[in-house]
Amino acid sequence: MLTSATMQTDKGFTYIRNRLGLMKANEKIVQSSFDYESQALCLVANDTPFPTEPTYIGVLGKTVVEVAEVLGGHVLVLCTAHGMIRSIRQSIAEPLAAVNIRVMAQNIDGSPARLIRSIRNDHAGVLLGAASFWEGVDIGQNAIKAITIARLPFEPPGDPLFEAKSESHEDPFKDFALPQAVLKFRQGFGRLIRSKDDKGVVIVMDSRVHLKRYGSIFLNALPDCSKEFLNAREISGKVSDWLIP
């Protein structure tokens, strides 16, 4: 028996069954005990530059700063590469220090375990993390109220292991890269609501969710939470309306 909160892609188990070679298997989806409609809000920025464009980090950083100022910290930024962590840290560290909010970046300011301890003890921080923060991490203690997904978690092209696995698929993007990214996206979302008392916001800063045909697959894979598309400059105000009485 296999049990997981993040095995579905596009409301089904086709991808994971193919990966495991389980062509004949009984499947069952059990609804979550969490009330995602009232506990979680997903905001998708629809006007950001593509992550490959030079102005992207500036727009992302400005939004992270604005949300952190509204919440007094309590922000986790999920990145897809350590180079992105360094770029975002450079963009947000100074303006956040001016309002007494610390920036804690994975492998720059400490190991994942150390940074989790730090933000549990001092919620007035912004935590920047990559691979190990997307899954299996329970920060808890109301330390995180907003998760910013900086970029859709596709594997980088040219990665030897990824390229080798892709060769076994007739359509590597549709059959392998996309469902794998969707699973990781669901796992990232899952860092937010960890108990029935949690309430928070997931902010997606990758406009491909809005502009690309496959974007709806990512959103459809999420629990039945509220979802809104809006301009990046409107995000902090929406976060304030949702989380601050």
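The questions and answers below concern a predicted model.

User: How are helix 3 and helix 10 oriented to each other?

Analyst: Helix 3 (residues 56-71) and helix 10 (residues 235-243) pack with their axes 9 Å apart, at an angle of about 25°. Angles under 35 degrees count as roughly parallel. The two helices, helix 3 and helix 10, are therefore roughly parallel.

User: Which element gives the largest share of the largest nonpolar core?

Analyst: This core has 37 residues, and those that touch the most other members are L76, L127, I139, I147 and F218. The elements giving two or more residues to the core are strand 1 (40-45), strand 2 (75-78), helix 5 (112-121), strand 5 (146-149), helix 7 (172-189), strand 6 (200-204) and helix 9 (215-220). The largest share, five residues, comes from helix 7.

User: Which residues does L127 touch, leaving out those up to four places away in sequence?

Analyst: L127 is one of the residues that touch the most other members of the largest nonpolar core. With residues up to four places away in sequence not counted, L127 touches V75, L76, V77, M104, L115, I119, F133 and I139.

User: How many residues does the second, separate core have?

Analyst: Among the members of this second, separate core are A45, V67, A130 and A150. V67 is also one of the residues through which helix 3 contacts helix 10. The size of the second core is 34 residues.

User: Is N100, which has a positive phi, buried or exposed?

Analyst: N100 is not a glycine, yet its phi is about 60°, and its place is in the loop between helix 4 (82-97) and strand 3 (102-105). A residue counts as exposed over 50% relative accessible area. With a relative accessible area of 67%, N100 is exposed.

User: What is the relative accessible area of N107?

Analyst: N107, in the loop between strand 3 and helix 5, also has a positive phi, near 65°, in a residue other than glycine. N107 is exposed, with a relative accessible area of 54%.

Note on methods:
Residues numbered from 1 in each chain as written. Predicted model: local features only at pLDDT ≥ 70, side-chain atom pairs only at ≥ 80, totals over all residues. Heavy atoms only, no water. Axes fitted to C-alpha atoms, helices over the stretch in contact; angles between N-to-C directions. Helix = DSSP H or I, 4+ residues; strand = E, 2+ residues; numbered from the N terminus. Parallel < 35°, antiparallel > 145°, perpendicular 65-115°, else oblique. Contact = heavy atoms within 4.5 Å. Core = buried A, V, L, I, M, F, W, Y, C linked by side-chain atoms within 4.5 Å. Buried < 20%, exposed > 50% of the residue type's maximum accessible area, 1.4 Å probe, protein only.
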